[in-house]
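Some words in a structural description rest on a value and a cut-off. The questions that follow take such words one at a time and ask what stands behind them.

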Amino acid sequence: MFGRPVTLFKIFRFEVKLDISWLFLAALITWSLARGLFPEYYKGLPSAAYWWMGVAGAVGLFLSIVIHELTHSLVARFYGISMKGITLFIFGGVAQMEDDPPNPKAEFIMAIVGPLSSCLIGIFSFLLYTFGKKSGWPVTINGVLTYLTWLNLVLAVFNLIPAFPLDGGRVLRSALWSWKKDIRWATGIAAQIGSGFGILLIIMGVVYIMSGNFVGGLWWFLIGLFLRSTAQLSYQQLLARNLFNTKKVNELMVKNPVTVPRPISLEEFVREYVYKHHFQMYPVLSFGKLAGCISIKQVASIPREDWAVSTVGAVALPCNEDTIVGPEEDANKALAIMNRTGNSRLLVVKGDQLEGIIALKDMLNLLSLKIELNDLGKNHGYEPQSKL
Ligand SMILES: [Zn+2]
């Protein structure tokens, strides 16, 4: 949310990553536990004890969320869905799925194991608490265990609210999906409920803030905002995947793209190509065959005074799997490469022949036209609009 997540560790071959925003959350939780919750319920302890309890509570929360997300990821792997990893950010965790689940049953099991695991962690914490109480463990440990019991039960219940993309929303989607056999319709309904629930939380947050509970209100407000945008985003992603599944790269590419000859100088390249066409990357041809790629970044790395003497051929780099895609590939594959690399244009290459260029802008244009016309089911011919 605020930047690139940092990888913390790997477990079962999943990367657990931490968004910087989570550090704010951890600090906020530690503080509110140490200064608010624990002193209220366990009176008369030294201040340092409350801080230790606060830190233990925050670490417990972190582990609870990682285990919750991990169970989602393990079931997803069982059903052959590739997972990017688990990222913890300000509102908890997200197990990043790259695909939709293959069938309603897989979706149901994948969704339900999350709240189920939270429930189990809650019960486990409670059993440990009863054991600790009998064995005379200090009140600090029992206090943290009580907190973890409640926390996990709340996590389980909150996640079961049928608002997509919360787990409960996924359960609802799987039910609707198996009923009408239409994942798009099911996602549409579940996402609308999710989006509506998001608005409800936003309103609740505003009411809280106006009645003086600023931190609590801001919290609900942000969670609502987040839920609403992820609900809409996941629906759009589903539409995109459905649409581009049925398309090949060569149906969406622009043929005869602008190419750059090898012998010209960088100065000429910048003047005649970069400032005219405004693209980030250009294919370089030599005797009609693809000889490499040249990007603005590469030119920028050459000192300005050398532009007149350096040639495009000397600066261009070989194209690689981050910049090219085959014409017969699924358009979804092009989208996945763009997603992974951040490149918004890919060369469409067969052997050493450049066949065209596929641009994210064209793909998104097609998608938004289709959404506007409510015409995602059918397939019509489509001419890419960017003239290269
Ligand atoms: Zn979950």
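Q: Which hand does the crossing of H2 and H3 have, and why are these two helices called roughly antiparallel?
A: In this predicted model, H2 passes H3 in a right-handed crossing. The two helices pack at an angle of about 150°, with their axes 8 Å apart, and because angles over 145 degrees count as roughly antiparallel, H2 is roughly antiparallel to H3.

Q: Which residues make the contact between H2 and H3, and what classes do they fall into?
A: On the H2 side the contact includes Ser64, Ile67, His68 and Thr71, and on the H3 side it includes Met110, Gly114, Ser117 and Ile121. By class, the contact of H2 with H3 has nine nonpolar, seven polar and no charged residues.

Q: What makes Ser117 a buried residue?
A: Ser117, whose place is in helix H3, has a relative accessible area of 8%, and because buried means under 20%, Ser117 is called buried. Leaving aside its neighbours within four places in sequence, Ser117 is in contact with Ile67, His68 and Thr71.

Q: Why are H6 and H7 called roughly antiparallel?
A: Helix H6 (residues 183–210) and helix H7 (residues 214–245) pack at an angle of about 165°, with their axes 7 Å apart. Because the cut-off for roughly antiparallel is an angle over 145 degrees, H6 is roughly antiparallel to H7. The crossing of H6 and H7 is left-handed, and the residues of their contact divide into 21 nonpolar, ten polar and two charged.

Q: At what angle do H5 and H6 cross, and which residues meet there?
A: The axes of helix H5 (residues 167–180) and H6 come within 8 Å and cross at roughly 145°, and H5 passes H6 in a right-handed crossing. Among the residues that meet are Leu172, Leu176 and Trp177 in H5 and Trp185, Ile189 and Ile193 in H6. By class, the contact of H5 with H6 has ten nonpolar, two polar and two charged residues.

Q: What makes up the largest nonpolar core, and which elements supply it?
A: The largest nonpolar core has 22 residues, and those with the most contacts inside it are Trp22, Ile29, Phe38, Met53, Leu61 and Tyr147. Strand S2, helix H1, helix H2 and helix H4 each supply at least two residues of this core. Phe38, leaving aside its neighbours within four places in sequence, has contacts that include Leu33, Tyr50, Met53, Val144 and Tyr147.

Q: Which residues of H12 are buried, and what do they pack against?
A: In helix H12 (residues 331–341), Ala331, Asn332, Ala334, Leu335, Ile337 and Met338 are buried. The elements that the buried residues of H12 pack against include H7, helix H8, strand S10 and helix H13. Just after H12, Gly342 takes a positive phi of about 80°.

Methods: Residues numbered from 1 in each chain as written. Predicted model: local features only at pLDDT ≥ 70, side-chain atom pairs only at ≥ 80, totals over all residues. Heavy atoms only, no water. Axes fitted to C-alpha atoms, helices over the stretch in contact; angles between N-to-C directions. Helix = DSSP H or I, 4+ residues; strand = E, 2+ residues; numbered from the N terminus. Parallel < 35°, antiparallel > 145°, perpendicular 65-115°, else oblique. Left-handed = near helix turned anticlockwise from the far one by under 90°. Nonpolar A, V, L, I, M, F, W, Y, C, P; charged D, E, K, R; others polar. Core = buried A, V, L, I, M, F, W, Y, C linked by side-chain atoms within 4.5 Å. Buried < 20%, exposed > 50% of the residue type's maximum accessible area, 1.4 Å probe, protein only. Contact = heavy atoms within 4.5 Å.
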